[in-house]
Amino acid sequence: MSLRLRLTLLYSALTGGILLVFGMLIFGLVSILLIDQADRALLNAAFETIGRLRVNPDGELVLLELLRPSPMTEVSVLIVAGEQRKVEYRTGFFLGVEGLLPLPNGLLEQQVFADTSIQGEHLRILNVPLQAGGRRIGILQLAYSLNQADAFRSTLFQIIVLTAVGSVITAAAASWLSLDRALAPLAAATKTALQIVRADDLARRVPLQGIADDEIGQLVTAFNETLERLEQIFNMQQRFLADVSHELRTPLTVIKANVALMRRMGRLDPESLASIEEEADRLTRLVGNLLLEAQAESGQLPLHFGIVELDTLLLEVFKEMRVLARDRVHLKITEIDQVLVRGDRDRLEQVLINLVSNAIKYTPEGGDVFLSLTKVGDKARLLIRDTGVGIPKKDLPHIFERFYRAEKSRHRSGAEDSGFGLGLSISKWIVVRHGGHIEVDSIEGQGTTFLIYLPLLEGTKQEPPKQEWE
Ligand code: ADP
């Protein structure tokens with residue numbers, strides 16, 4: 001059942017239900033008032049009639065001459081006297097019947113109101129036993145016709161039912177039509193989603209014109225944003241697949257060529273073996289990075305936290321990286337404070353190696369790479385600054401995305417140290433998991449600065465030795 005039909009049925013049922021309950025309440029109240037009105041008329045007539053009755057010294061009922069037909073014409077009066085219940089006086093309805101109207105057993109001896117239907121007449125009856133000196137001398141019966149009240153109640157009932165039915169039909173029609181308009185954007189979204197599936201085209205969006213800023217408008221906006229993100233991820237993966245295939249092909253071609261060469265030579269050639277080993281290392285690095293990224297993404301990369309002397313770690317990385325920089329790039333530590341943080345030493349080392357090796361990699365011969373470690377407020381700040389090629393402005397916002405490589409880096413085909421655009425995304429993940437953050441600033445052609453902020457271990461003292469390492 002469609003949402004539109006379900007909501008329409010719900011609204012109609014609610015409207016009908018509320019009106020019916022309300023109508024029944026009014027009907028019940030009116031019925032009570034009508035009976036009450038009849039009872040009052042009967043009581044008044046009873047008092048008036050009894051007021052005109054007398055008892056003679058023999059204890060018999062005497063009707064005063066003054067007794068006239070009751071002015072309350074809607075009330076019929078019957079008076080019977082003695083054991084024989086001889087009719088002494090009657091008016092209205094009682095003129096057409098034998099004598100006392102039958103009441104359930106025993107009730108004739110009591111003052112009681114009763115309902116009865118006789119000769120097509122619905123009557124409200126007041127039965128009053130008449131006594132004198134502790135003796136029963138007669139019975140007074142009064143009757144009030146409820147036919148008019150019944151007709152009124154039946155008309156009222158019809159009005160209530162007709163109003164309820166009319167309201168239900170109106171509510172159903174109004175809901176059906178207004179829901180058609182309100183749900184139209186949802187239908188459009190469904191159509192677009194189906195078109196995307198059928199045409200395999202993530203570039204489509206649900207049109208937003210004419211959609212109010214309500215829940216459905218927000219849903220459509222969120223849907224479009226989801227599509228936007230999906231398109232980005234899809235494009236990124238496409239690009240990544242193209243990159244990985246390209247990067248895999250180069251070492252494999254080199255390995256195959258070297259194997260073919262050695263086969264032709266009929267012996268193991270040390271140069272070819274070294275080349276094969278180098279390419280195999282590169283492939284291992286790629287697979288390792290991919291695995292790490294996948295683990296980080298799925299939350300399965302465990303971090304082993306402990307106390308880390310960041311200054312010692314930086315010095316170790318510095319020594320290691322100096323080998324990589326050789327004489328090509330000048331690697332220096334400009335400032336180093338003693339800093340303790342809580343973290344995973346190996347992972348933090350990996351971050352430093354990633355950033356420092358990038359700085360060396362993207363700095364041309366003769367350039368500089370500066371490293372520093374200082375305390376800023378309650379944070380440790382690691383700085384890695386180079387005087388290299390820099391990162392174009394348009395690439396800067398994407399630099400930490402997975403598989404993202406700036407245009408220039410992507411075309412470094414075959415270069416042995418060209419990466420896969422995973423280093424920075426893994427580094428950022430590690431820093432964030434340490435409660436820190438990472439910033440980048442770069443001017444194309446002039447250089448790049450990466451800043452890593454990590455929370456200091458509480459109780460660490462500021463040590464100000466400033467040394468220049470070269
Ligand atoms: P890669 O392995 O390709 O270097 P990274 O994630 O480490 O991957 O870096 C992503 C991209 O950021 C690089 O491809 C490069 O374009 C750019 N980049 C990173 N560091 C630097 C830097 N110090 N100088 C210039 N560009 C850089």
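The chain is assigned three domains: domain 1 (3–152), domain 2 (220–298) and domain 3 (306–455). These bounds come from an automatic or database domain assignment. The C-alpha centres of domain 1 and domain 3 lie 103 Å apart.

This is a predicted model, in which local features need pLDDT of at least 70, side-chain atom pairs count only at pLDDT 80 or more, and totals for chains, interfaces and linings use all residues. Residues are numbered from 1 along each chain as its sequence is written, and side-chain values use heavy atoms, with hydrogens and water left out.

**The sheet**

Helices (H or I, at least four residues) and strands (E, at least two) are DSSP runs, numbered from the N terminus. Five strands make an open sheet in the order S9-S11-S12-S14-S13, with mixed pairing. Strands S9 (330–336) and S13 (437–443) stand at the edges, each with a single partner strand, so one side of each has no neighbour in the sheet. The twist averages 15 degrees from one strand to the next. Two strands count as paired if DSSP finds at least two bridges between them.

| Pair | Sense | Bridges |
|---|---|---|
| S13 and S14 | antiparallel | seven bridges |
| S11 and S12 | antiparallel | eight bridges |
| S12 and S14 | antiparallel | eight bridges |

Val-440 stands opposite Phe-450 in S14. Leu-382 stands opposite Ile-452, also in S14. Val-376 has Lys-379 in S12 as its bridge partner. S11 and S12 form a hairpin with two residues between them. Gly-377, in that turn, has a positive phi of about 60 degrees.

Contact here means heavy atoms within 4.5 Å. Axes are lines fitted to C-alpha atoms, for helices over the stretch in contact, and angles run from 0 to 180 degrees between N-to-C directions. H6 packs on the sheet and touches S9, S11 (368–376), S12 (379–386), S13 and S14. The direction of H6 makes about 25 degrees with that of S12. Helix H8 (residues 423–433) lies across S13 and S14, at about 25 degrees to S14.

**H5 against H6**

The axes of H5 (residues 310–325) and H6 (residues 345–361) come within 10 Å and cross at roughly 40 degrees. H5 is therefore oblique to H6. Angles under 35 degrees count as roughly parallel, over 145 as roughly antiparallel, 65 to 115 as roughly perpendicular and the rest as oblique. By class, the contact of H5 with H6 has 12 nonpolar, two polar and four charged residues. Ala, Val, Leu, Ile, Met, Phe, Trp, Tyr, Cys and Pro count as nonpolar, Asp, Glu, Lys and Arg as charged, and the others, Gly among them, as polar.
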